[in-house]
Amino acid sequence: MSVLASEWLKVRTVRSSYLALGLSLGGILLGIAVAWAAVGMYDSTTPERQAHASIADLEEVVLIVPQLCMGVLGVLTITSEYTTGLIRTSLAIVPRRWPVLAGKSAIVGLLGLVTGPLVVFGTYFAARLMIGDRFRGSYTTPLLDKLPTLVTSSLSVVVFALLGLGLGATLRSTAGAITILVGLVYVIPIIVGNLPEPWSERLGSVQIGALPREITGDDLTHSVYGSLLPPVAAAIVLIAYAVLPLLAGAWLMRRRDA
Amino acid sequence: MVRCDDRPPYLILYRVIELKRLTKRYGDTLAVDDLSFNVEPGHVTGFLGPNGAGKSTTMRLILGLDSPTSGEALVNGRRYTSLSRPMREVGALLDASAVHGGRSAYNHLLCLARTNDISATRVSEVLQQVGLAGVARKRVGGFSLGMKQRLGIAAALLGDPGTLMFDEPVNGLDPDGVRWIRDLMRSLAKQGRTVLLSSHLMSEMALTAERIIIVGRGKLITEATVAELTERYPSLEDAYLALTASSVEYGAAR
């Protein structure tokens, strides 16, 4: 518990945490701006074209903002200690070492658990309010039908935060960990999407971006992703994205000279 | 033996650092080579050696930061890594610049204190003791090296430990600060604590330490009192230069 208190204080007392949280919540503003522009365009066009207009789920569009911001926060939580050398002190005063990483996991996980739902639900309700029954009523589906997708998307932010922390603990380098984090979101899915079948669909199904929507059973045929996994398997793979790098980091942290 | 006002003598006898054939190899470099010595309470023990002699590695091994290739280092008869609240037994300053520049001095120390259940009152106390109370709320990034040294010393003192290790604490300090460190080290030792101090400033070491341990290329070269060394040589500096003449080697392990 005392290590947890210390880790909480560490996060609270550096600016980068507030920047990451602020930028995450900025995702809502981005969603509102897009909704506002879309409504403007919709209202100024002809009824014939309105009948064919559609809009993406804005909370899904802006989801990448809190995902990346919290992922980077996860990375920085540990790599800032390695780059400054503070980690030596942190590990010397907690010789068992793993509580340090466990404490950090709890804190960044919790922050992901707060920001994820805030951004996803915030954007969703704002967009719902602004768009109303425009765009063939895509924002008029009952909330209950929408709930599984919203919850899963929210929780994916927790996965990103923990993934960032795990990568940071494993690689001990800010640049390295952020590069891999961004690579997992942007680069690898594009490479995988261009592979010949069946590998494109197989590997596309285990991409971190595909998993939340496989959990809710969405149709991913028109994306770079595949959707071969049943919901439970998709959930397990998504959790593995958070847990495996953390376990690797914890194991290395225990074994390596600090 | 050493007397201490507030603690019974039998505790003091055990408050020591013991190295038993400690060896650390990085790849094919032997950073610490079969090193055995004891550091006793009641006086400042100077830890000398050329750059790359293995002083910092030895301190990291004592603190369990690096694991020894063979041999062991004990603090108060126990391995450091088996201590549950190590700050209360051992305080160390290894690298004064190893702080997050964005955190205030107070918050930095409080982050450390929390892990070992040390109170916020104690944080204010040590800030006062090292003369940083006035800048406690300032971000550490703006501190001079001398101020960071004071902050590092404050961190070492947080748990009021019986054993203290300082790696080059005098670097970057002004004459006033150098005098302050000397008095602090001596008073900590006088209270019955075990103090291991590394430094390259020989004249300063001659004034501060009572016993000297000299290492070179990871091996023990000499273990003697300052008095013994200055008897055999014109000064501690001459003693050091003569004894380490064959061990100066650059580019050795950390």
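Among contacts in chain B between residues at least 6 apart in sequence, 71% join residues at least 24 apart; two residues are in contact if their C-beta atoms, placed from the backbone, lie within 7 Å. The model is predicted: local features need pLDDT of at least 70 and side-chain atom pairs count only at pLDDT 80 or more, whereas totals for chains, interfaces and linings use all residues. Residues are numbered from 1 along each chain as its sequence is written, and chains are lettered from A and ligands numbered from 1 in the order in which they are written.

**Chain B**

Chain B holds nine helices and ten strands, where helices (H or I, at least four residues) and strands (E, at least two) are DSSP runs numbered from the N terminus. For 254 residues, a compact globule would have a radius of gyration near 18 Å, and chain B agrees with its 18 Å; this radius is taken over C-alpha atoms, and the globule rule is 2.2 Å times the number of residues to the power 0.38. The C-alpha trace of chain B spans about 50 × 40 × 40 Å along its principal axes. Of its 254 residues, 50% count as buried, a class that requires 20 or more other C-beta atoms within 10 Å of the residue's own; exposed means 12 or fewer, partly exposed lies in between, and C-beta atoms are placed from the backbone.

Chain B also contains an open sheet of four strands in the order β2-β1-β4-β5, with antiparallel pairing. Two strands pair if DSSP finds at least two bridges between them. The edge strands, β2 (29-39) and β5 (78-79) of chain B, each pair on one side only. Strand β4 (residues 70-75) of chain B is joined to β5(B) by two bridges, the two running antiparallel, and B:V75 has B:R78 in β5(B) as its bridge partner.

**The interface**

In the contact between the chains, 22 residues of chain A meet 28 residues of chain B. On the chain A side, α1 (2-12), α5 (64-84) and α6 (86-93) each supply at least two residues. By class, that side has eleven nonpolar, seven polar and four charged residues. Helix α6(A) is mostly covered, with eight of its eight residues buried. These buried residues pack against α5 and α7 (98-131) of chain A, together with β6 (90-93), α3 (105-115) and α5 (145-157) of chain B.

At 1.5 Å a residue, the 29 residues of α9 (residues 143-171) of chain A should span 42 Å, and the end C-alpha atoms are 41 Å apart, which agrees; the expected span is 1.5 Å times one less than the number of residues. Because 22 of its 29 residues are buried, α9(A) is largely enclosed by the rest of the structure. Just after α9(A), A:R172 takes a positive phi of about 60°.

The largest nonpolar core has 135 residues, and those with the most contacts inside it include A:A161 and B:L109. Such a core is a set of buried Ala, Val, Leu, Ile, Met, Phe, Trp, Tyr and Cys residues joined through C-beta atoms within 7 Å. Helix α9(A) gives the largest share of this core, 13 residues.

A:A126 has its place in helix α7 of chain A and counts as partly exposed, with 18 C-beta neighbours inside 10 Å. The C-alpha atoms of A:A126 and A:G217, 91 residues apart along the chain, are separated by 25 Å. The table leaves out residues up to four places away in sequence.

| Residue | Residues touched (C-beta atoms within 7 Å) |
|---|---|
| A:A161 | A:M70, A:G71, A:L73, A:G74, A:V108, A:G109, A:L111, A:G112 |
| A:A126 | A:I28, A:G31, A:I32, A:A35 |

Conventions. Ala, Val, Leu, Ile, Met, Phe, Trp, Tyr, Cys and Pro count as nonpolar, Asp, Glu, Lys and Arg as charged, and the others, Gly among them, as polar.
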